[in-house]
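Please keep the sequence and the structure in view while reading.

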Amino acid sequence: MCGIVGYTGSDTAKDILLTGLKRLEYRGYDSAGVALENRDAGTGAARLDVVRRVGKVDGLKSELAGRDDAATCGIGHTRWATHGQPSVANAHPHVSCDGRIAVVHNGIIENFAELREELEGRGHQFRSDTDTEVIAHLVEEAYAAAEGERDIVDALREACTHIVGAYGVAAVCADEPGVIAVARKDSPIVIGRGERGSYVASDVIALIDATRDVVVLEDGQFARLAPEGITYTDEQGRAIEPTVTHVDWDVDMAEKGGYPDFMLKEICEQPRVVRDTLVGRMSATGELDIDELGLSFEELNLIDRVYVIACGTSYHAGLVAKNLIEGWARIPCEVEAASEFRYRNPIITPSTLVVAVSQSGETADTLAAIRDARIKGAKVFGITNVVGSPVARESDGVIYTKANKEIAVASTKSFIGQIVSLTLLALLLAQVKGKITVRQARMLFHELGDTAEQIQWILDTQADAVREAAEACVPAQSALFVGRGMGAAISYEGALKLKEVSYLHAEAYAAGEMKHGPIALIDPGFPVIAVATKSPTYDKVVSNLKECEARGAKIIALATEGDEDIKQIADYVIYVPRVRDAFSAITASVPLQLLAREVAIMRGCDVDQPRNLAKSVTVE
Ligand code: M6R
């Protein structure tokens with residue numbers, strides 16, 4: 001989720017690009033850069049000046065402040081690392097070998113490793129670890145190979161035929177001053193025409209100072225921006241007439257993509273998170289591809305105990321992972337709050353794997369636990385959302401969740417990314433241990449991918465059911481979340497989410513534990529939120545709910561689509577699609593996130609910045 005801007009017109013490009021980048025900075029800011037079209041003072045020849053800095057846009061601004069740059073055309077980017085550490089070399093724009101073509105890109109190029117190998121084989125020299133750089137070299141080749149008049153938009157079009165994955169791209173070429181070529185597939189691009197030029201960005205927020213009439217580029221469409229106007233073409237190069245949309249959002253709404261808050265925006269991004277986290281993870285022969293495995297298969301095969309250490313929501317992702325690691329790989333797995341782990345004396349041997357889960361990658365307790373585990377001789381594997389974060393750096397191996405920057409304090413999309421990543425790790429361990437075949441791994445991998453559509457179905461169809469259930473919770477003093485197996489793991493997260501954003505007290509229990517104490521809490525109208533989806537323990541959960549019903553509880557059931565029987569005991573039913581039990585945590589957590597948010601809003605709470613909390617907890 002990086003940010004792209006581009007401008008060509010009669011004003012100073014660097015000012016417009018910096019303003020646009022600043023507006024996009026909330027999306028990620030580990031580095032920023034621009035490519036500006038200038039002329040050589042002596043020869044008058046056109047050239048591209050690329051300036052990149054690690055850190056926020058202000059750093060880039062300071063660097064550019066000292067330059068007398070009058071360029072009127074350029075492109076810029078603010079990066080949230082997905083491939084390669086945050087560094088100057090990995091910052092965008094990326095340039096062709098001859099430095100005459102520069103590109104900025106959002107998205108993920110799935111086949112970048114193959115493309116890079118091919119391009120290097122043909123003599124291209126790469127200067128970064130990014131997937132994006134292949135685009136600069138592909139465009140360079142296509143531009144050089146063009147018969148007749150060269151055209152940067154045609155070269156970009158040709159380059160795109162080789163790319164598998166998602167991209168929003170803007171490219172400039174020193175040989176075509178004033179022109180910006182733009183392409184889009186599965187990554188947003190908006191284009192606008194103002195009084196003083198033509199603009200492109202990955203998000204409307206970067207354009208709204210210049211124009212409110214924008215074209216949202218569609219997949220497979222290309223654009224040529226020039227100071228005097230914009231033309232649009234399709235994949236074959238045929239002219240097309242785009243649809244112009246009038247935007248009347250203010251800056252705040254634009255940042256949230258039209259959603260009322262970041263929490264809802266991020267909940268709705270979860271289908272993409274599932275897809276992105278899985279991109280390029282499985283080879284045609286069924287091997288799983290982990291970002292930085294750091295451990296040989298021989299070392300993995302020796303693992304005889306796993307600890308998942310994490311805090312808060314990340315800890316709950318660990319509870320889900322325990323079921324998968326023990327169920328599939330048959331390795332004993334314990335899940336521990338990092339803050340406890342570091343002060344215990346856990347049994348650690350060289351064949352212990354510690355899996356540290358952290359969205360931010362900088363939670364103090366988790367980091368301290370990693371250091372402690374390493375001193376004691378464990379191998380450490382990190383699951384984090386932040387490339388190059390301390391958790392990533394201090395672990396032997398890493399899987400990056402591809403949630404992109406999460407802004408709401410309450411974790412939602414990063415939780416889904418964590419579960420998907422932990423599922424990959426469990427599959428890998430099971431494969432290495434010989435507990436599942438390549439065929440089974442492939443089948444499970446594809447079913448895991450299907451959860452993206454299943455989440456979308458929940459988002460599209462269950463909003464009303466969630467709202468009705470939320471109304472029932474609002475007057476309560478407290479709520480109980482119950483489930484068994486995966487349902488129990490998800491209940492803990494449901495209760496945390498509700499507490500965190502709505503300030504309503506909530507607890508979670510394994511449903512079978514109710515009769516050992518918590519059932520005493522239940523009096524008429526007490527909300528019990530049950531994960532009662534079809535699973536091996538479905539009947540048991542239903543029995544536990546009957547006990548609650550008999551005591552007057554108001555029952556909100558999360559049930560499997562088509563389960564009409566549940567209505568006999570539940571006052572409210574929210575449906576999720578039928579999925580394999582192993583993947584049920586992914587789908588079941590979505591309605592619980594929506595429910596927490598809805599209750600919070602009804603109770604007048606700020607869902608993005610709940611009181612007393614911080615997004616990143618870097619103190620003990
Ligand atoms: O960045 P981390 O995943 O290490 O953060 C851990 C917790 O602080 C975090 O999950 C917290 O519980 C969230 N606010 C939950 O929504």
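In this predicted model, a polar side-chain atom of Ser314 is placed 2.6 Å from an oxygen atom of the ligand. The protein buries 91% of the 410 Å² that the ligand exposes when taken alone.

**Surroundings of the ligand**

- The ligand is surrounded by 14 residues, and the closest are Ser314, Ser358, Ser360, Thr363 and Glu500.
- Thr363 also has a polar side-chain atom at 2.4 Å from an oxygen atom of the ligand.
- In the case of Glu500, an N or O atom of the side chain is 2.6 Å from a nitrogen atom of the ligand.
- Sorted by class, the shell around the ligand holds 8 polar, 4 nonpolar and 2 charged residues.

**The largest pocket**

- A volume of about 1,400 Å³ is found for the largest pocket.
- Its lining consists of 49 residues, and those nearest the centre of the pocket are Asp186, Ser187, Pro188, Arg272 and Asp276.
- At least two residues of this lining come from each of S8, strand S11 (213-216), helix H7 (262-268), helix H8 (270-278) and helix H15 (438-461).
- H15 contributes the most to the lining of the largest pocket, namely 6 residues.
- The lining of the largest pocket comprises 21 nonpolar residues, together with 14 polar and 14 charged residues.

**Cavities**

- The model contains 3 cavities of 30 Å³ or more.
- The largest cavity has a volume of about 80 Å³, and 13 residues line it.
- Closest to the centre of the largest cavity are Arg79, Thr82, His92, Asp131 and Thr132.
- By class, 8 residues in the lining of the largest cavity are polar, 3 are nonpolar and 2 are charged.

**Backbone features**

- His92, which belongs to the lining of the largest cavity, is joined to Pro93 by a cis peptide bond with an omega of about -5 degrees.
- Pro93 is located in the loop between strand S4 (73-79) and strand S5 (94-95).
- Asp186, one of the residues nearest the centre of the largest pocket, has a positive phi of about 55 degrees although Asp186 is not a glycine.
- The position of Asp186 is in the loop that lies between strand S8 (180-185) and strand S9 (190-194).
- Tyr503 is likewise a residue other than glycine with a positive phi, here near 60 degrees.
- Tyr503 is situated in the loop between helix H17 (486-502) and strand S21 (505-510).

Conventions: Residues numbered from 1 in each chain as written. Predicted model: local features only at pLDDT ≥ 70, side-chain atom pairs only at ≥ 80, totals over all residues. Heavy atoms only, no water. Helix = DSSP H or I, 4+ residues; strand = E, 2+ residues; numbered from the N terminus. Near = heavy atom within 4 Å. Polar contact = N/O pair within 3.5 Å; in protein donor to acceptor, adjacent residues only side chain to side chain. Areas by Shrake-Rupley, 256 points an atom, 1.4 Å probe, with all protein chains shown as cover. Nonpolar A, V, L, I, M, F, W, Y, C, P; charged D, E, K, R; others polar. 1 Å grid on protein atoms, 1.4 Å probe; cavity = no way out; pocket = protein on both sides within 12 Å on 5 of 7 lines; lining within 4 Å. Points joined across faces, edges and corners; volume = space filled by probe spheres on them.
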